[in-house]
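Please keep the sequence and the structure in view while reading.

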Amino acid sequence: MGKYDDLAKRIIERVGGRGNIAGLTHCATRLRFLLKDETKADTRGLKTMPGVITVVQSGGQYQLVIGNHAPDVCETVSRLAGVVDSKEESQREMSMFARFIESFSGIFTPLVGVFCAMGILKGIQGFALYTGLYHETDGFYQFIQLLSDSLFYYLPVFVGATAARKFQLNQFTGMIIGACFVYPYRFGAAEHPYTVLPVLLAVLAASYIERFLKKILPDILKVFLVPFVTLLATLLLTRIVIEMVYTGLTAVVMLAIDGLYSVSPFLSAFLAGGFWPLFVILGIHGELVPMLPEALPDAMTGVFLPTVGFIASWAQAGAVFAVLLKTKDRRLHAISIPSVISGLSGMAEPGIYGVALPEKKPLLASCGGAAAGGLIFAGLRETAPSGMSVPLMASASAFLLTMIITLVIYKCPKSEKVEFPTISFSPDGKKVIHSPLNGKLVPLMEVSDEVFSSGVLGEGIAIKPYEGVVYAPADCRVTTFFPTGHAIGLTTAEGVELLIHVGVDTVQLNGKYFRTLVKQGENLLEGQPMLQFDSKKIEQAGYDMTTSVIITNTTDWKKVDSTKAREATVGDALLWLV
């Protein structure tokens, strides 16, 4: 049983049962039900129920104020009641390409750090080998090889875990699915280390199977039957369908490259380079190299395609380096530097998954630069003077060309960190929360939303913003950031839990006029921009822009004081806690 299953069951019962729920969504602090008949709901019982702060009936919605755990409770209610959260419906309205980008970014973002670490290690390894510091037969080389290659060899297991989280599957089930792809004795089938695409498809299929089983199986049997049947059905589906499709796709790509090479090495190198980032994203690049015949020679690598892949990784490094030069985003800075090193070492994954794919335009630039680099490589092979390293020349050309293209087409936010005039502790030892906005200050009790004005969520203050940028009010971590962008939950370095709710009922805009600048789970410094919004258009749409800044763990502190000023500038002391 999940953490919120008991609470969710009691909520479903007291809102009138599953049949009375016509719709469900959530915002930062509350569940928003659309009930077929509100008179069937036990409002008094819900108000006194442990886990529910209060009930609000407003705008045709039956709202249960839960607090910071509202998203988790909403997911549990949706699962148990068989009701689709309307936010999931909005996800379905995204374009196919947008969903593809969002899915891959979500799956690989947790792995970017170790990708960068292993990429740098491989770069050091390659440099030491090239300069003769050690040889492939040395024990130290084999030790480094074991460490640096382990992530990529067992990549299906890691991808299985992160994909399971993304597709809301049991994480251990996802890891077992990934492990099946690298198991050495797979009933006569070849193992697939380094692979990505079939693992993603298998985990996606397993997530639907698991959800279906949870709906039809009795609770007493779910503990062992759900994972058993899910894994059995998924592995059969994988062996019969997914692996056949994947192997066929890989074979078609291999035959196309091979056939084009026999007709025109120029065209083969051009197209292979241009599509290489896509091969990496789909995880088929690791399968292509051993499949290609030795009849495609190159003096440096022994085969043709690995050289094209190396050129493409330099192109990727050029795209990431351009982003590094242009952006002021601390997260991108932290990822870009090791990604460039990894790319120059021949490993494109950190740059693709961490920077190019989420930012989109650098990925397109790297495709163009890699295609041009492949063309240069094919052209120089026969004409270059002796002593010239053709692969290195082509790689350097791809790096420079991609960097230039990215610098031209890539646009990044111009928002910069605001320097705070004060520090997190006042002279008398009180903890200080700074103003995240420029605006007019309003007592919390005057906010038109009674959930905020009543203080049931905690003490705080409200701001009517003069401009549409929200900054981090202290060194903090983003604990909750809703896709709609209207609310953000923070935990400061001193343990203060904050909710910044922009406007009243702005969740109904579904993200329109909001632009998020940071991600959930990200660590922020004071003054770092977190969110942009168009206050004029939001007000024109009929919404009150009064923004509430609330200490949601007020009970953990002896006292919370607020400033007596009438206006606040970003960085001014706003709240004091003892």
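**Notes on the predicted model**

1. Strand β12 (residues 514-516) pairs with β14 in the antiparallel sense over three bridges; strands here are DSSP runs (E, at least two residues) and helices are DSSP runs (H or I, at least four residues), numbered from the N terminus. Two strands count as paired if DSSP finds at least two bridges between them. F514 has F533 as its bridge partner in β14. Strand β8 (residues 469-471) is also joined to β14, by three bridges, and the two run antiparallel. Here Y471 stands opposite P529. Four of the five residues of strand β14 (residues 529-533) are buried, so this strand is largely enclosed by the rest of the structure. Buried means under 20% relative accessible area, exposed means over 50%, and partly exposed lies in between (1.4 Å probe, protein chains only).

2. This is a predicted model, in which local features need pLDDT of at least 70 and side-chain atom pairs count only at pLDDT 80 or more, while totals for chains, interfaces and linings use all residues. Residues are numbered from 1 along each chain as its sequence is written, and side-chain values use heavy atoms, with hydrogens and water left out.

3. On confidence, the protein chain averages a pLDDT of 81, and 87% of the residues score at least 70; pLDDT is the predictor's confidence in each residue, from 0 to 100. Contact means heavy atoms within 4.5 Å. Where pLDDT is low, the predicted coordinates should not be read in detail.

4. Which residues have the most contacts inside the largest nonpolar core? They are F104, F108, F115, V159, I177, V203 and Y353, in a core of 73 residues. A nonpolar core is a set of buried Ala, Val, Leu, Ile, Met, Phe, Trp, Tyr and Cys residues joined through side-chain atoms within 4.5 Å. Helix α14 (residues 304-326) supplies the largest share of this core, eleven residues. Another core, of 34 residues, lies apart from it and has V518, L524, F533 and I551 among its members. Leaving out residues up to four places away in sequence, I177 touches L169, A202, V203, A206, L231 and T234.

5. Helix α11 (residues 219-263) packs against helix α12 (residues 265-282) at an angle of about 155°, with the axes 7 Å apart. That makes α11 roughly antiparallel to α12. Axes are lines fitted to C-alpha atoms, for helices over the stretch in contact, and angles run from 0 to 180 degrees between N-to-C directions. Angles over 145 degrees count as roughly antiparallel, under 35 as roughly parallel, 65 to 115 as roughly perpendicular and the rest as oblique. From α11, V253, I257, L260, Y261 and V263 meet P265, L267, S268, L271, A272 and F279 in α12.

6. An open sheet of eight strands runs in the order β13-β9-β10-β11-β15-β7-β6-β17, with antiparallel pairing. Its edge strands, β13 (523-524) and β17 (567-568), each pair on one side only. Within this order, strand β10 (residues 487-492) and strand β11 (residues 497-501) pair over five bridges in the antiparallel sense, and G489 stands opposite L499 in β11.

7. Is C476 buried or exposed? At 7% relative accessibility, C476 counts as buried. C476 lies in strand β9 (residues 476-481). Setting aside residues up to four places away in sequence, C476 touches L490, T491, T492, A493, E522, N523 and L524.

8. A further open sheet has three strands in the order β5-β18-β16, with antiparallel pairing. The edges are β5 (431-434) and β16 (560-562), each with a single partner strand, so one side of each is left without a neighbour in the sheet. From one strand to the next, the twist averages 25°. Four bridges join β5 to strand β18 (residues 573-577) in the antiparallel sense, with I433 opposite L575.

9. Strand β2 (residues 30-35) has five of its six residues buried, so this strand is largely enclosed by the rest of the structure. Strand β1 (residues 21-26) runs antiparallel to β2 and is joined to it by five bridges. Strand β4 (residues 61-65) is joined to β2 by four bridges, again antiparallel.
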